[in-house]
Every structure is written in C-alpha cells, then in structure tokens.
Amino acid sequence: LGPMNTSDTLGSLVADISKAVDTFAENDSNAKQVLNHLASSDPAVFFAAGIRVLATARPSEGSRYLILALAKDKRLSIGLLDSKICTIEEALAVARAGAEAGAQLQATFEIALTKALQGQASPEKAERILRILDILGATCGQGCWNSFQVELMAYPDKIVRSKAALLIGRSTRNVAWIARRLLDRDPRVQASAVEALWGLDAEEVKPHFLS
C-alpha cells in the first residue's frame, strides 16, 4: 500500500469515507450503503483510507460504525501494526477509538507480540515489538501483560526492555514488581521504573526511592 498513500485513489476515498461518516445517522441506511459500497470496491485501499479517516475523526455514530465494520476483518489490526500502512500516531488513535467502540482487536496484537518475541533478535524485530508495545500500552488492561513480562524483561534489546518496564509498571501499578526493576543493571530500565512509580502511593514507594 506504500505507493498508494500519495495516490489520487486513496485521497478520493478518504474524502468519500469522511463525508459518509460525517453525514451518518443510525436510522439512515444511505451512509451505511455508501460505506459498504466503498469497502467492496477496493478492500485494501478502503482499509488504508479508513484508518486515515478514523485517526482524525471525532467520536460519533459514523466513526463507531466505521471502526466496528473494519474490525470485523483482521486486516484492520494487522494494518495498524504495519508502518507502511499508517504512522504510529494514526495507529494509536485508531486503536484507542476501537477500544472505546468495543472492537475486539487486542487478541491480534497479543498474537503478533508472541510471534515477534520468538526466534533470533534483530533490529527489525525490535522495531516491530516497540510498535506493538505502544499500541498495547494505549489499549490493554493490566491483565494482558502477565504472559509477556518474563520474555520482555529478558529480551536482548535495551530499548525494548526499557519500554516494557515502563508500560508494565504503569499498567499493573505493582510496586514490588517495579521496585525489582530499580535493581536492574541497565540504567534505562531503572529510569523507566522510576517513571512508573510516579503517581503511586507516596508512603509505599518512599522506601524504594530511599534505597
């Protein structure tokens, strides 16, 4: 989809989808028909255009209908993980909108993280893991980190470990877990642990800061 991002086709589709979303009414089938027609005409470009629209759309009946329609297809969650299809800022905006609308996207992100953590580490893999972590950090609850904590904190890439320490610490708010990261040999992880302690109960975290 890279070359299409600047094409007239994508720009035209973004405009058409935006118009349908703006004029959408729950009891009006016209906008739904327009969106369904656009989706069937060129599904791949429609997904890219839909992500663009949702990234800047204000919450509305139209934007909610669009994201739930897109979320029925796994291409949405896979597309959000692809830097060729959308920027991380666009991906985060759409993922948040999806979570608010009740779209089921998290399972795909978790599967993608599991796959990315397997096998030989590489700069490309680290980049993908960081993108997945950003998206999960914006959308998932504390329970989703349980199965990834050990692997993430043992990952060879320092930036991945640092980001994981911050996101897991902020999400779980587990002072004992965060305190163990303060003892990590990597100063990046230590710094993330300090940041994760911000906003937690002062009396509970004071001994760890003193140590």
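This is a predicted model: local features need pLDDT of at least 70, side-chain atom pairs count only at pLDDT 80 or more; totals for chains, interfaces and linings use all residues.
In α8, the residues A126, I129, L130, L133, D134 and G137 meet I159, V160, K163, A164 and L167 of α10. By class, this contact of α8 with α10 comprises eight nonpolar residues, one polar residue and two charged residues. Helix α8 covers residues 123-139 and helix α10 covers residues 158-172. Their axes come within 10 Å and cross at roughly 10°. Angles under 35 degrees count as roughly parallel, and α8 and α10 are therefore described as roughly parallel to each other.

The protein has 13 helices and zero strands. The pattern along the sequence is accordingly written with the symbol α throughout, as α-α-α-α-α-α-α-α-α-α-α-α-α. Along the principal axes, the C-alpha trace spans about 65 × 40 × 25 Å.

Helix α10 has a further partner to consider, namely α12, which comprises residues 187-197. The axes of α10 and α12 come within 8 Å and cross at roughly 15°. These two helices are therefore also roughly parallel to each other, and their crossing is right-handed. On the α10 side, the residues involved are K158, I159, R161, S162, A165, L166, G169 and R170. On the α12 side, they are R188, V189, S192, E195 and A196. This contact of α10 with α12 contains five nonpolar, three polar and five charged residues.

How do the axes of α1 and α3 cross? Helix α1, residues 8-22, and helix α3, residues 43-56, have axes that come within 9 Å and cross at roughly 55°. An angle of 65 to 115 degrees would count as roughly perpendicular and one under 35 degrees as roughly parallel; α1 and α3 are therefore oblique to each other. The crossing of α1 and α3 is right-handed. From α1, the contact draws on T9, L10, L13, V14, I17, S18 and V21. From α3, it draws on V45, F46, A48, A49, G50, R52 and V53. Sorted by class, the residues of this contact are ten nonpolar, three polar and one charged.

Finally, a word on the aromatic side chains. Which residue lies over the face of W177? That residue is R181, at 4.3 Å from the ring centre. As for pairs of rings whose centres lie within 6.5 Å, the count comes to one aromatic pair.

How values were computed:
Residues are numbered from 1 along each chain as its sequence is written. Side-chain values use heavy atoms; hydrogens and water are left out. Axes are lines fitted to C-alpha atoms, for helices over the stretch in contact, and angles run from 0 to 180 degrees between N-to-C directions. Helices (H or I, at least four residues) and strands (E, at least two) are DSSP runs, numbered from the N terminus. Angles under 35 degrees count as roughly parallel, over 145 as roughly antiparallel, 65 to 115 as roughly perpendicular and the rest as oblique. A crossing is left-handed if the near helix is turned anticlockwise from the far one by less than a right angle, and right-handed if clockwise. Contact means heavy atoms within 4.5 Å. Ala, Val, Leu, Ile, Met, Phe, Trp, Tyr, Cys and Pro count as nonpolar, Asp, Glu, Lys and Arg as charged, and the others, Gly among them, as polar. Rings of Phe, Tyr and Trp (its six-membered ring) pair if their centres lie within 6.5 Å; planes under 30 degrees apart count as stacked, over 60 as edge-to-face and the rest as tilted. A charge sits over a ring if NZ of Lys or CZ of Arg is within 6 Å of the ring centre and within 35 degrees of the ring normal.
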